[in-house]
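Please read the following report alongside the sequence and the three-dimensional model.

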Amino acid sequence: MKGQLYTGLPRVALPVSARWVTVDEVARADSDFARHRTVRADVAAIGLYVLAAVFVTYPLWAAPGLRVAATIQQDPALFQWFFAHAARVVTHAENPLFTSLMNAPDGVNVMANTSVMGLGIPLAPVTLLFGPHVSLLAVTTIGLAGTAAGWYLLLSRRVVSSTLAAAIGGWLCGFAPPLISHANWHPNLTFQVLVPFIVWQVLKLREPGRKWRNGFVLALLVVWQAFISEEVLFLTALGCGVFLMAVAVIRPNVAARSWRPMLGSLAVTTAVAGILLAYPIWMQFFGPGHYRGLAFAPGRPADLASFHVFASESLGGEGTYPGHPSLASNPGEENVFFGWPLLLLVGLSLLILSRHSVARALKFTAIVFAVLALGSEVTFRGKNTGIPGPWSLLDKLPLFDSLLPTRLGLVVTPLLAALVALATHRVWDWTAHRAHPTWMRFLWVLAVAAALVPSAPTPLNTAEQSPVPSFFTDGSWRNYVARGDAVVPVPIPNPATTDGMRWSAAADLGFAIPGGYFIHPRGGIDGEIGAHGAPLAPTAVLLNTVASTGVRPPISDAARLIARADIRDWQAAIFVLSAAEVNADALRATLDDLLGPGERRYDVWVWDVRSPGTSGTGGRVG
């Protein structure tokens with residue numbers, strides 16, 4: 001009978017519940033088994049990534065808010081502040097793209113800074129319940145595990161059939177040294193969860209007849225990623241563009257079939273994303289606080305000698321923290337520290353894939369970005385070689401002028417991971433038709449393990465930081481500050497001192513603060529080149545000098561008049577000095593001379609600069 005599976009055996013009497021099994025039923029059973037096996041593999045791989053992410057970040061989870069990356073505290077403070085800003089956007093319906101609660105009274109162009117609103121707004125409940133420091137930790141942990149999981153899903157569904165191959169590729173993408181390096185300070189760069197799905201959607205653009213759906217989905221992913229990290233979005237676009245051009249050259253027949261549906265889908269993506277991002281992009285490049293390029297050196301480019309070196313926070317590099325000062329600006333910019341065993345594995349993978357067209361395109365793209373990461377002049381072991389790099393052809397162009405060339409190495413990581421995954425897949429296929437596949441596969445797995453283990457991450461190196469004073473955590477500040485008032489943390493927040501930003505974030509941004517750590521047009525003039533922080537008022541300069549030197553200066557009547565002017569400009573209600581601040585005695589004596597006697601409130605000193613008889617009038621002294 002058609003559709004039945006003939007067994008070659010005579011029919012026998014069977015229970016009523018038994019019947020002939022059809023071919024379709026066998027196929028469905030096989031499909032169900034394969035689906036369950038795939039789900040089990042997915043759970044195992046993603047579970048491994050989650051455990052690894054927790055292992056890497058557990059030193060921070062052990063003391064949330066009290067521990068921070070060992071070598072720098074400014075960036076974590078900045079991101080905590082922006083998570084608090086995103087939560088305030090949700091609860092107070094404030095402008096998400098500009099804020100006057102930092103750098104009072106001028107404010108900060110949030111869109112022109114790494115505000116990670118695409119993560120902060122969804123995590124607003126976490127921020128409100130547990131604090132911005134927990135949201136920052138959650139993003140770092142989810143970023144590592146989620147990036148690995150995203151690439152695993154893409155590789156296992158679209159690139160390789162071997163689950164092990166996909167799992168290895170996902171591990172490399174999520175836990176390669178460059179991402180662990182940025183896990184210290186840069187959640188905007190560590191959280192690349194959307195990147196594999198953007199790449200996945202780009203690969204689907206060649207499907208005929210689906211330009212509206214594919215283009216619209218890609219547009220939504222692009223918009224979301226733009227509010228997480230425009231830098232990562234830009235790098236992803238560059239990587240996809242170079243890879244697709246390489247494929248077009250290597251496989252012109254594929255390009256001939258694909259270019260029309262791809263252009264149609266990209267037109268839809270451009271239109272939808274352009275409409276949704278039109279105002280934010282205008283705000284970034286033309287709104288108040290916008291800037292052009294960067295005045296400060298954006299870190300050294302990748303050193304030619306760094307590719308084979310083990311990263312600081314890897315098993316092979318253990319003991320080298322806080323980094324390789326001759327090869328990278330700091331431990332947070334080790335973007336190409338892959339280690340020589342991994343490079344050998346990639347070389348072996350290229351030999352296995354020598355005739356594989358996609359592998360050739362991946363290799364070409366990786367070489368392009370590795371060379372560009374070397375910057376405008378090639379350096380070797382920290383010394384300029386005089387050899388010009390191709391980056392010099394791009395570094396003056398718009399967008400490129402704000403990009404750190406060493407971070408182009410971030411594009412190389414998933415390309416190397418895809419090559420290793422493809423090689424593993426090829427080994428599995430090739431050994432399936434050999435007499436002893438188990439031993440051959442075991443040797444390959446052993447080679448992969450020998451390459452990956454030395455580059456495996458270690459727990460993040462951390463250091464203690466001062467706790468936020470209880471004056472802010474228990475709401476005591478509310479007794480002094482009314483709506484619209486500013487609190488002046490001493491020392492005034494600036495690129496070197498960011499404790500005041502953490503105080504503000506812990507108080508849910510209930511008040512404005514002068515100064516801060518952010519990127520702003522130099523001189524405070526819109527459209528000027530960007531610099532860290534904004535020009536400080538004279539009183540801020542005076543107090544920050546005392547904070548750094550511990551020297552108490554003589555205070556003149558002129559200094560007091562200037563302080564009054566600054567207080568009016570800031571609309572300040574109080575000055576606050578932590579009793580645990582370094583050089584607190586010199587600062588307290590200076591503030592007493594400048595403003596009059598302060599009062600001790602728990603773990604801080606407070607100077608009330610409101611007009612007599614007022615209650616939170618914004619420090620409008622006479």
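The model examined here is a predicted one. Because its relative accessibility is 19%, Trp171 counts as buried, and Phe175, with a relative accessible area of 1%, is buried as well.

These two residues belong to helix α6 (residues 163-175), where they are 4 residues apart, or about one turn of the helix. The structure holds 16 aromatic pairs, and one of them is formed by Trp171 and Phe175, whose rings are stacked at 4.6 Å centre to centre with 25° between the planes.

How are the rings of Phe471 and Phe472 arranged relative to each other? Their centres are 5.2 Å apart and their planes stand at 90°, so the pair is edge-to-face.

Strand β7 (residues 486-490) has 5 of its 5 residues buried, so the rest of the structure largely encloses it. In a regular strand, side chains alternate between the two faces of the sheet. In β7, Ala486, Val488 and Val490 point one way, while Val487 and Pro489 point the other way, and all are buried.

The strand pairs in the parallel sense with β10 (residues 572-578), over 5 bridges, and within this pairing the bridge partner of Val490 in β10 is Leu577.

## Helix α15

Helix α15 (residues 409-431) has 23 residues, which at 1.5 Å a residue should span 33 Å, and the 34 Å between its end C-alpha atoms agrees with that expectation. Of those 23 residues, 20 are buried, so α15, too, is largely enclosed by the rest of the structure.

The model contains 6 cavities of 30 Å³ or more, and the largest cavity holds about 170 Å³ of space. Its lining is made up of 17 residues, of which Leu60, Arg67, Pro76, Leu136 and Leu137 lie nearest its centre.

Notes
Residues are numbered from 1 along each chain as its sequence is written. This is a predicted model: local features need pLDDT of at least 70, side-chain atom pairs count only at pLDDT 80 or more; totals for chains, interfaces and linings use all residues. Side-chain values use heavy atoms; hydrogens and water are left out. Buried means under 20% relative accessible area, exposed over 50%, partly exposed in between (1.4 Å probe, protein chains only). Two strands pair if DSSP finds at least two bridges between them. The expected span of a helix is 1.5 Å times one less than its number of residues. On a 1 Å grid over the protein atoms alone, a cavity is a set of points where a 1.4 Å probe fits but cannot get out, and a pocket is an open set with protein on both sides within 12 Å along at least five of seven lines; lining residues have an atom within 4 Å of a point. Grid points are joined across faces, edges and corners, and a volume is the space filled by probe spheres set on the points. Rings of Phe, Tyr and Trp (its six-membered ring) pair if their centres lie within 6.5 Å; planes under 30 degrees apart count as stacked, over 60 as edge-to-face and the rest as tilted.
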